[in-house]
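Morning, everyone. One structure today, and a few minutes to walk through it.

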Amino acid sequence: MNNFNPTPAPFDWPAMYPIIAVFLTGVAAMFIEMLWPRRTNNAIVLTSLVGLGISAALVGTIWGQTSESLGGLFINDRFGQVMQIALIAVTFITILYSEGYLRERRVPFGEYYPLVIWSAVGGMIMATSRDLLVIFLGLEVLSIALYVLSGLSSKERKSQESALKYFLLGAFASGFLLYGIALVYGATGSTHTGSIAALMQMGDGVDPVNVKLLYGG
C-alpha cells in the first residue's frame, strides 16, 4: 500500500509580507472602529498610515529579488514590487486627504478606511499573481470594497445610484472575465500564465496536457 505524503508548495514569506501587512492594517482599522464607534477617526487614520508605511518598508526589504510562492501562483519580481509601492502610495495619499472631505460631506464612517485598504490588497494580489483564477480573486477583493465605498453615503441618492450601477456593471464584467478564463483553460489546459505563454510560443499541434505537466500549470 502506497503512503500518500503530500508535499506543501514552498511559500516565500518575505515576498508575501507586504500584502499580509496591508491586510492586517485594514483589520486593525476595522477593530478600532468597532471598539470606539462614532468617535473621531484620527486613531484609524494614524493606524492606517503607519501600517501602510510599514508595508512599503517591507517591499523595500525584497527590492530587486525574484522568487515564486505556492507553486508559481505568486511571483516576486520587479514589476510586482513597483506596482505594490504604487498602490501603497496611492492608498496612503487617499487616506491622508480623506478625513477632511468625509467631515465636509458628513460621512463620518470609520469603515471607509479599511475598505480603501482592502481594495489595495486586491490590487496587490493581482500585481503579484501568475494564475488567472488568483488574479480574478484579487479583482473581486478590490471590486467588492469599491462597491461598498460607492454607496457609503447612503443618504444621498447619487451614492445609491452609483453603487447599484457599479455593482451591475462589475457583475457583468466579472462574468465575462470568468467565462474568458474558462475558455483559455479549455484551450490550453491551464490557468497559469507561464503555461499559457509557453503554449502560444510553441504554436499549434501541442498537447495542452503536456504543457500543463511540463510547466506545473
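Start with the order of elements. Along the sequence the pattern runs α-α-β-β-α-α-α-α-α-α-α. That gives nine helices and two strands. Keep in mind that this is a predicted model.

Some overall numbers. The protein has 217 residues, and 39% of them are buried. Now the contacts. Take those between residues at least 6 apart in sequence: 61% join residues at least 24 apart.

How many cavities of 30 Å³ or more does the structure hold? One. The largest cavity contains about 50 Å³ of space. Which residues line it? They are Ala15, Met16, Ser69, Phe74, Ile75, Asn76, Gln84 and Thr128. Two elements give two or more residues to that lining: helix α1, residues 13-35, and strand β2, residues 74-76. Strand β2 has the largest share, with three residues.

Now an open site, the second largest pocket. The space in this pocket is about 150 Å³. Where does its lining come from? Three helices each supply at least two residues: α3 (78-96), α5 (112-128) and α6 (132-150). Here are the residues, if you want to find them on the model. The lining consists of Leu87, Val90, Thr91, Thr94, Tyr112, Val116, Ser119, Ala120, Leu142 and Leu146. By class, seven lining residues of this pocket are nonpolar and three are polar. None is charged.

Last stop, helix α7. Helix α7 covers residues 157-188, which is 32 residues. From first C-alpha to last, α7 reaches 46 Å. How does that sit with the expected span? It is close to the 46 Å expected at 1.5 Å a residue.

Which residues of α7 are buried? Ser159, Ala163, Gly170, Ser174, Ile181 and Thr188. Thr188 is also where the helix ends, since α7 runs through residue 188. Just after the helix comes Gly189, with a positive phi of about 80 degrees.

To recap. There is one cavity of 30 Å³ or more, and β2 gives the largest share of its lining. The second largest pocket draws on α3, α5 and α6. And α7 spans 46 Å, with Gly189 just after it.

That's the tour. Over to you.

How values were computed
Residues numbered from 1 in each chain as written. Predicted model: local features only at pLDDT ≥ 70, side-chain atom pairs only at ≥ 80, totals over all residues. Heavy atoms only, no water. 1 Å grid on protein atoms, 1.4 Å probe; cavity = no way out; pocket = protein on both sides within 12 Å on 5 of 7 lines; lining within 4 Å. Points joined across faces, edges and corners; volume = space filled by probe spheres on them. Helix = DSSP H or I, 4+ residues; strand = E, 2+ residues; numbered from the N terminus. Nonpolar A, V, L, I, M, F, W, Y, C, P; charged D, E, K, R; others polar. Expected span 1.5 Å × (residues − 1). Buried < 20%, exposed > 50% of the residue type's maximum accessible area, 1.4 Å probe, protein only. Contact = heavy atoms within 4.5 Å.
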